[in-house]
Amino acid sequence: MEQTINIIKELPSIFNQALAIINTLMEMILSVLLAFGVISGPATDDPITLKDAENVNLAVVAFADTHIRPTGISPYNLECGLKDIDNSEINFDALLIAGDISELGDDISYELMWDSLGEAEIENILLATGNHDVRVAYDLRTEQIIDKTGSFLGTEIDKPYYSYDINGYTFIVMGSDGRLFEKAFISDGQLAFIDAELERATKDGRPAFVVCHQPLENTHGLPEVWANGGIGEQSEQIREILVKYKNVFFLNGHLHDGVYENSLEVLSEENGVYSVNLPAYGKENDYGKFLQPGLGTYFEVYDDEVIFTARDFREGKSLEGYTKAFTLIK
Ligand SMILES: [Fe+2]
């Protein structure tokens, strides 16, 4: 009996050791494939470009659903994306990842992620928690992800949600206040925080960015694309807060919708409030015109407009027809 209990206690460490061995094998196989040119990094003939690099106020790369796992090709995909950013020679102000950083919520995957992000030459890294991150070990993973974000940003974060200003523009990053399997629980405290931060952030007419892993209900093809895919019970309260303010951009992941006409949604025409669905970076997407892994978005902020562009960062290719400019409401 005692022996059985000991074996059960050791299972997590055996699991982690097995993952570590598989990860080492994967890295060896990838390095051989790279050496023989079977796979290669992103192309360099179609680099990321900005409309006006001299006058841009803020430039940000936005990924979601990286789903890093030690046993697949996802770490390589991420390395390609970071290389594509590097190849552009644009000094992006931030990289944000809108949740589902890891597939399994295991230690090795986060270590791979932190190693890659640590090497990225981007000043600010904003991380949101996703359901894959926190649905098993909610307290542990929430604390780990916000701590890591705090260390990337050089600040202290003490809640699953936070806000951070870059070049005078505010990012409000949401996170579930409790453990749910797919959806998020947004507490009254978090709702009040979003409301107060948006009031502060938008009062001078500047756009503000709200990042959340899950989308609002009835946006981006919901519920048809995924009957249970929305954020959950607080969706309407969040929407009511967002549309009160001018020039608000809500960015979500979670759906694994690729890039297509449903990627952008108008929440308030009058106030210029939009929802932007970020495709899954680490996995094949399920709906849309472009479905491949490695898809992401970058956006540029100017005095009078915000421009979003979808891109295949793994291959280093722009997605023609998927650049959208939003004129800011005065
Ligand atoms: Fe996901």
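Mentor: Let's begin with Arg69, which at 30% relative accessibility counts as partly exposed. Buried means under 20% relative accessible area, exposed over 50%, and partly exposed in between (1.4 Å probe, protein chains only). This is a predicted model, where local features need pLDDT of at least 70 and side-chain atom pairs count only at pLDDT 80 or more, while totals for chains, interfaces and linings use all residues. Residues are numbered from 1 along each chain as its sequence is written, and side-chain values use heavy atoms, with hydrogens and water left out.

Trainee: Which side chain does Arg69 meet in a salt bridge?

Mentor: Side chains of opposite charge can pair when their charged atoms come close. A salt bridge here is a side-chain nitrogen of Lys or Arg within 4 Å of a carboxyl oxygen of Asp or Glu. Arg69 pairs with Glu103 at 3.2 Å, N to O. The two sit 34 residues apart, so to speak in distant parts of the chain.

Trainee: Is Glu103 buried or exposed?

Mentor: Glu103 is buried, with a relative accessible area of 12%.

Trainee: How many salt bridges does the structure hold?

Mentor: There are 13. Among them is Asp45 with Lys317, at 3.7 Å from N to O. Asp45 lies in a loop and Lys317 in a strand, so the pair ties together parts 272 residues apart in sequence. Asp45 is exposed at 64% relative accessible area, whereas Lys317 is partly exposed at 36%.

How values were computed
Helix = DSSP H or I, 4+ residues; strand = E, 2+ residues; numbered from the N terminus.
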